[in-house]
Amino acid sequence: MITKIRSLAFILILMSSAALAGHPQSYVGTWLTTVTPPAEAGVPPFTLLLTLHSDGNLLASGASGEFPALGNPCHGTWTGSADGIEAAYVCLDFDGSLQQTGMDRLRARFSLDEKRRLVGKIGLTNYDVLGQIVFDACCAKVEGERIEVDTSKLVVPTAAGRTWRSWQP
């Protein structure tokens with residue numbers, strides 16, 4: 001019985017290691033990034049929140065002027081090594097009246113620079129609601145920082161209990 005338990009534990013450890021092999025922990029987390037599309041796109045830089053989960057799942061949401069207009073929800077996957085990662089994800093596009101206008105398929109490559117900032121490029125193929133390609137573009141520049149917990153600032157409720165404030169100890 002002990003042998004079976006040890007064998008099972010060993011197999012679970014191997015499976016866990018294999019599952020994380022393509023998902024380096026240095027990328028796991030939520031990143032606040034700025035995406036700068038190529039000049040010919042005529043789109044100003046915009047903010048993209050990018051969350052890379054340790055299991056290889058990806059969530060993202062961006063917001064800018066006309067495109068992407070409303071913080072498009074994006075879902076996908078990522079894999080890689082400590083040297084860099086690749087990602088593929090899909091975003092839904094909506095107009096000002098919350099009607100879906102199409103979707104985007106994105107492919108990306110990211111790495112960490114010497115300051116541990118996320119940097120990379122994103123290519124995009126945009127489709128209308130019928131699945132027809134509207135345009136295909138490469139590559140927008142991405143750079144940003146991981147959102148970290150700042151333990152140097154305490155957050156406590158005020159006496160009224162309705163608002164929050166922080167201060168340094």
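Helices (H or I, at least four residues) and strands (E, at least two) are DSSP runs, numbered from the N terminus. This is a predicted model: local features need pLDDT of at least 70, side-chain atom pairs count only at pLDDT 80 or more, and totals for chains, interfaces and linings use all residues. Residues are numbered from 1 along each chain as its sequence is written, and side-chain values use heavy atoms, with hydrogens and water left out.

**Whole chain**

Start with the protein chain. It has 1 helix and 10 strands. From the N terminus, the order is α-β-β-β-β-β-β-β-β-β-β. Of its 169 residues, 31% are buried; buried means under 20% relative accessible area, exposed over 50%, partly exposed in between (1.4 Å probe, protein chains only).

**Stop 1: Thr 51**

Select Thr 51, in strand S2 (residues 46-52). Leaving aside residues up to four places away in sequence, Thr 51 touches Gly 29, Thr 30, Asn 57, Leu 58 and Leu 59. Contact means heavy atoms within 4.5 Å.

**Stop 2: the aromatic pair**

Rings of Phe, Tyr and Trp (its six-membered ring) pair if their centres lie within 6.5 Å; planes under 30 degrees apart count as stacked, over 60 as edge-to-face and the rest as tilted. The count is 1 aromatic pair. Select Tyr 27 and Trp 78: their ring centres are 6.4 Å apart and their planes are at 55 degrees, so the pair is tilted. Tyr 27 sits in the loop between helix H1 (2-21) and strand S1 (29-36), Trp 78 in strand S4 (residues 73-81), 51 residues apart. Both Tyr 27 and Trp 78 are buried.

**Stop 3: salt bridges**

The whole structure has 5 salt bridges, each a side-chain nitrogen of Lys or Arg within 4 Å of a carboxyl oxygen of Asp or Glu. Asp 136 is in strand S8 (residues 133-146) and Arg 107 in strand S6 (residues 100-112). Asp 136 is exposed at 54%; Arg 107 is partly exposed at 38%.

Finish at Arg 117. Which residues are linked with Arg 117 in a network of salt bridges? Glu 143 and Glu 145. The Glu 143 bridge is 3.7 Å, N to O; the Glu 145 bridge is 2.9 Å, N to O.
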